[in-house]
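Colleague: I would like to get to know this model before I set up any calculations. Please show it to me, and then let us go through it together.

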Amino acid sequence: MAGRDIPQEYLEGYTRILTDASVTGRRLTRDELDSRRALGERAAEAGFGLRALVGAHLTAARLHWSAAAGESTLAAVEQVVDAFAEGYERAQLLAVRQEEAARREFIDDLLHGRSDLGLLAERAERFGLRLSHAHAVAVARGTVGYDEGDSVPREVERALIARFGDRSILVTTKDGRLVCIAPGDQDDVLSFFAKQAYAATDCGQVAIGRSQPGPGGVVQSYEEALNALDLADRLEFDTPVLRSADLLVYPVLTRDRQAMADLVVSALGPLRAARGGAEPLLDTLTSYFDSGCVAAEAARRLSLSVRALTYRLERIHKLTGANPADPVHRYTLQTAVIGARLLDWPAKDL
């Protein structure tokens with residue numbers, strides 16, 4: 001719209017103001033300035049470009065220029081254009097804030113599934129999403145929280161747009177985390193987001209939910225990503241990128257919480273009788289299993305000698321009756337160790 005002629009309605013009263021100011025040399029009154037601001041707001045709402053609007057004002061001033069009163073006319077033009085631009089910018093700022101509020105409300109409804117799915121799908125098209133298709137969600141967290149307008153989300157979003165252009169991708173923030181929503185068949189987008197977010201958040205952690213179909217697919221994938229981050233906290237995973245598809249065994253293990261609690265108490269409860277309690281021996285089992293049951297690597301992780309680690313494993317065998325080096329016993333012990341970490345045992349009684 002910046003290149004088309006500006007209707008005279010946005011210059012209403014302008015010639016009269018210039019004529020009067022050039023004759024009297026006075027400054028504009030408060031009412032005259034307010035009228036210019038109001039016209040600026042209306043022009044912005046109508047979608048006209050500011051450059052074209054200022055050009056129309058200067059052209060009109062040139063047509064009514066009085067050489068005898070040039071300075072006073074120029075001062076009036078300056079006041080008019082300044083007030084008009086102020087109103088224009090005020091309208092634009094209000095429009096931006098309204099757009100941001102609508103976007104924030106949509107994102108909150110989308111990620112929490114609080115709105116009617118049909119209406120949500122209609123609103124989604126405004127933001128480039130087609131909820132009838134499958135979507136997947138990635139969530140990144142750093143050492144600090146992020147808001148929508150912060151530099152980190154903008155940096156990541158710019159990188160995605162530069163790489164993929166418009167691919168129905170939405171980058172936003174929620175509860176201090178970065179969130180990327182992408183079509184379910186474009187895993188390259190989420191992988192690239194994970195790489196960019198990991199770097200931008202100063203080596204944070206990213207979780208990617210599975211692709212889920214339909215209008216409710218976004219919230220399902222988002223919750224999977226959040227659950228993956230929660231698992232990473234409880235199991236002390238330091239992997240930069242977590243995929244919920246690779247962690248499905250853990251929800252299965254904890255689906256029957258009471259059964260898992262019984263296993264933990266039965267298999268690991270005797271460790272409480274050890275000097276220093278169960279924690280040191282539980283940490284030993286954790287490191288042993290995490291290192292692939294390689295004693296030397298487990299000892300290095302625990303800052304122990306191999307001999308000291310071997311002594312601890314023998315102590316565990318004696319207390320529990322299960323040998324960590326035996327494949328049959330190992331499965332029971334490892335499952336119980338995972339359960340203990342998920343259920344925060346022995347810090348919490350089961």
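**Strands, helices and buried residues**

Colleague: What is the average pLDDT of the protein chain?
Modeller: This is a predicted model, in which local features need pLDDT of at least 70 and side-chain atom pairs count only at pLDDT 80 or more, while totals for chains, interfaces and linings use all residues. Residues are numbered from 1 along each chain as its sequence is written, and side-chain values use heavy atoms, with hydrogens and water left out. The pLDDT is the predictor's confidence in each residue, from 0 to 100. In the protein chain 96% of the residues score at least 70, and the average is 87.

Colleague: Where is confidence lowest in the protein chain?
Modeller: At the top of the range is strand 4 (residues 205-208), with a mean of 96. At the other end, with a mean of 78, residues 117-126 form helix 5.

Colleague: How are the strands arranged, and by what angle are neighbouring strands turned against each other on average?
Modeller: Five strands make an open sheet with mixed pairing, in the order 2-3-1-4-5. Strand 2 (170-174) and strand 5 (241-243) are its edges, each pairing on one side only. Direction ignored, neighbouring strands are turned on average by 20°.

Colleague: Which helix packs on the sheet?
Modeller: Its partners are strand 1, strand 2, strand 3 (177-183), strand 4 and strand 5, and it touches each of them; contact means heavy atoms within 4.5 Å. Its direction makes about 35° with that of strand 1, where angles run from 0 to 180 degrees between N-to-C directions and axes are lines fitted to C-alpha atoms, for helices over the stretch in contact. The element with residues 217-235 is helix 8.

Colleague: How many residues of strand 1 are buried?
Modeller: Buried means under 20% relative accessible area, exposed means over 50% and partly exposed lies in between (1.4 Å probe, protein chains only). In a regular strand the side chains alternate between the two faces of the sheet. In strand 1 both faces are covered, with His 135, Val 137, Val 139 and Arg 141 buried on one side and Ala 136, Ala 138 and Ala 140 on the other. Strand 1 is therefore largely enclosed by the rest of the structure, and its buried residues number seven of seven.

Colleague: Which residue of strand 4 is the bridge partner of Ala 138?
Modeller: Strand 1 (residues 135-141) pairs with strand 4 in the antiparallel sense, over four bridges. Val 139 has Ala 207 opposite. For Ala 138, the bridge partner in strand 4 is Ile 208.

Colleague: Which residue takes a positive phi in the hairpin of strand 2 and strand 3?
Modeller: Strand 2 and strand 3 run antiparallel and are joined by five bridges, with Lys 174 opposite Arg 177. Two residues lie between the strands of this hairpin, and the one with a positive phi near 55° is Asp 175.

Colleague: How do helix 8 and helix 14 pack, and how far apart are their axes?
Modeller: Helix 8 meets helix 14 (residues 327-343) at an angle of about 105°. That makes the two helices roughly perpendicular, a class covering 65 to 115 degrees, with under 35 as roughly parallel, over 145 as roughly antiparallel and the rest as oblique. Leu 231, Arg 234 and Leu 235 of helix 8 make the contact with Ile 338, Arg 341 and Leu 342 of helix 14. The separation of the axes is 8 Å.

Colleague: What is the relative accessibility of Gly 217?
Modeller: Gly 217 is found in helix 8. Not counting residues up to four places away in sequence, Gly 217 touches His 135 and Gln 212. Gly 217 counts as buried because its relative accessibility is 0%.

Colleague: Is Thr 286 buried or exposed?
Modeller: Thr 286 belongs to helix 11 (residues 279-290). Leaving aside neighbours within four places in sequence, Thr 286 is in contact with Val 337 and Arg 341. Its relative accessibility is 11%, so Thr 286 counts as buried.

Terms used: Two strands pair if DSSP finds at least two bridges between them.
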